[in-house]
Structure formats: C-alpha cells, structure tokens
Amino acid sequence: MRLTQPRVAPLPDDEMTAEQRELLSRGNLARLNIFRTLVRHPDLYRRWAAFGGYLLRDSTLAPRERELVILRTGHLCDAHYEVFQHTAIARTVGLRDDELAQIKVGPSAPGWSAFDRTLLTAVDELHASQRVSDATWAALAATYDTKQILDLIFTIGQYTLVSMALNALGVQIEQP
C-alpha cells in the first residue's frame, strides 16, 4: 500500500526552530520532503544525517555502484520516493536508462557485468534473508576489500531503513 498523503507532514518554514533551520541549511536539503519530515526529530536527524551523509558522499563505493545498490534496494522496498530521488542521482554518475530499467528486474536481467550482477545479488540476498551467501561473498571479495564490503552492507541497510521510514511516514515526492 502506497500512501497518497503524508502521515507526518514536512515541517513548514514558519514552524521551524533555529536548530531545525540550521540542520537544513546545508545544500538544498530544505527543498526535499524527506529532510523536512525527519528534521521534526532534530537529535535523530543529526545522527542519521551524519551516517547517511558518509554513505552517500564519502564511502569507499564508486558512485555508480552505490547508486545501483541504492536503487535496487529502493525497488525491493517499493519505496517510490527513494527510487524517484536516486534515479536522478544515478543518471549523474553514469547509469544509463536501459540500466535503470534493468534494476527493477535485478541480477537476472541481461547485460549486467559480472560484478554489477554480484552487487545486485548481494542486495537481493540481504533483502530476502539478511545474509550474504558464500558464493556472493567470494565474488564481492574478489573485487572489493573489507572496507568496501562493509560500506556495501551498510549502504544496503541504510537505504532499507530509509525506505521503511519513507513508506511508513508517507513522504511524498515534491511538487514543482
């Protein structure tokens, strides 16, 4: 069930505290409903934003691989908002429209490189069982070092968490 109205509305400017304004002052955060909703809990927001910011901007994953993983996670979680936002980001880091369509199909879609297929399989396995099979682990370890594997696992977990929050809260795509 996709909510058509937010359960928790994005915080309007006239209700923001100075602390909330400060938390949203970096970049274009204040224009996005996800941030305007989650900033209603400033302590949680601050800690979540630091963790999520690391995974989005500073992790050891290549941006294209990161977005591949985020979008597959969003699709598996049926997180419309997450997929919408990260589709735009994915295009800026080199994912093509045909690849974006294939993400919905997953690792079995034709045309993936062996490693892209491995990344998508890792997402599917973690989503389905909260585990990674020995075969997938071996394929990951053939290319990634330990830090990259940790960043991969935590990226999948973070975007599963975000997808759950977006779906439960009913965060809606911004209207132009």
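Which residues have the most contacts inside the largest nonpolar core? They are Leu68, Leu119, Leu140, Tyr144 and Leu152, in a core of 22 residues. The model is a predicted one.

**Nonpolar cores**

- In soluble globular proteins, nonpolar side chains tend to be buried together.
- The largest nonpolar core here has 22 residues, and the elements that give two or more residues to this core are helix H4 (63-76), H5, helix H6 (97-105), helix H7 (114-129) and H9.
- H7 supplies the largest share of this core, with 6 residues.
- Beyond its neighbours within four places in sequence, Leu68 is in contact with Leu95, Ile103, Trp112, Asp116, Leu119 and Leu120.
- Another core lies apart from this one and has 15 residues, including Leu11, Met16, Leu24 and Leu32.

**Helix H7**

- The end C-alpha atoms of H7 are 22 Å apart, which agrees with the 22 Å that its 16 residues should span at 1.5 Å a residue.
- Buried in H7 are Phe115, Asp116, Thr118, Leu119, Leu120, Ala122, Val123, Asp124, Glu125 and Leu126.
- These buried residues pack against H4, helix H8 (134-141) and H9.
- Gln130 follows H7 and has a positive phi, near 60°.

**The largest pocket**

- Rolling a probe the size of a water molecule over the atoms shows where empty space is left.
- The largest pocket holds about 630 Å³ of space.
- Its lining is made up of 26 residues, and those nearest the centre of the pocket are Leu29, Leu32, Phe35, Leu56 and Arg57.
- At least two lining residues come from each of helix H2 (33-38), helix H3 (42-58), helix H5 (80-92) and helix H9 (146-169).
- H3 gives the most to this lining, with 9 residues.
- Sorted by class, the lining of the largest pocket has 15 nonpolar, 6 polar and 5 charged residues.
- Leu32 is among the residues nearest the centre of this pocket, and Leu32 is also one of the residues of the 15-residue core.

**Thr17**

- Thr17 is found in the segment before helix H1 (18-23).
- Thr17 counts as partly exposed because its relative accessibility is 39%, and partly exposed is the class between under 20% (buried) and over 50% (exposed).
- Thr17 and Arg40 are 23 residues apart along the chain, and their C-alpha atoms are separated by 9.6 Å.

Conventions
Residues numbered from 1 in each chain as written. Predicted model: local features only at pLDDT ≥ 70, side-chain atom pairs only at ≥ 80, totals over all residues. Heavy atoms only, no water. 1 Å grid on protein atoms, 1.4 Å probe; cavity = no way out; pocket = protein on both sides within 12 Å on 5 of 7 lines; lining within 4 Å. Points joined across faces, edges and corners; volume = space filled by probe spheres on them. Helix = DSSP H or I, 4+ residues; strand = E, 2+ residues; numbered from the N terminus. Nonpolar A, V, L, I, M, F, W, Y, C, P; charged D, E, K, R; others polar. Core = buried A, V, L, I, M, F, W, Y, C linked by side-chain atoms within 4.5 Å. Buried < 20%, exposed > 50% of the residue type's maximum accessible area, 1.4 Å probe, protein only. Contact = heavy atoms within 4.5 Å. Expected span 1.5 Å × (residues − 1).
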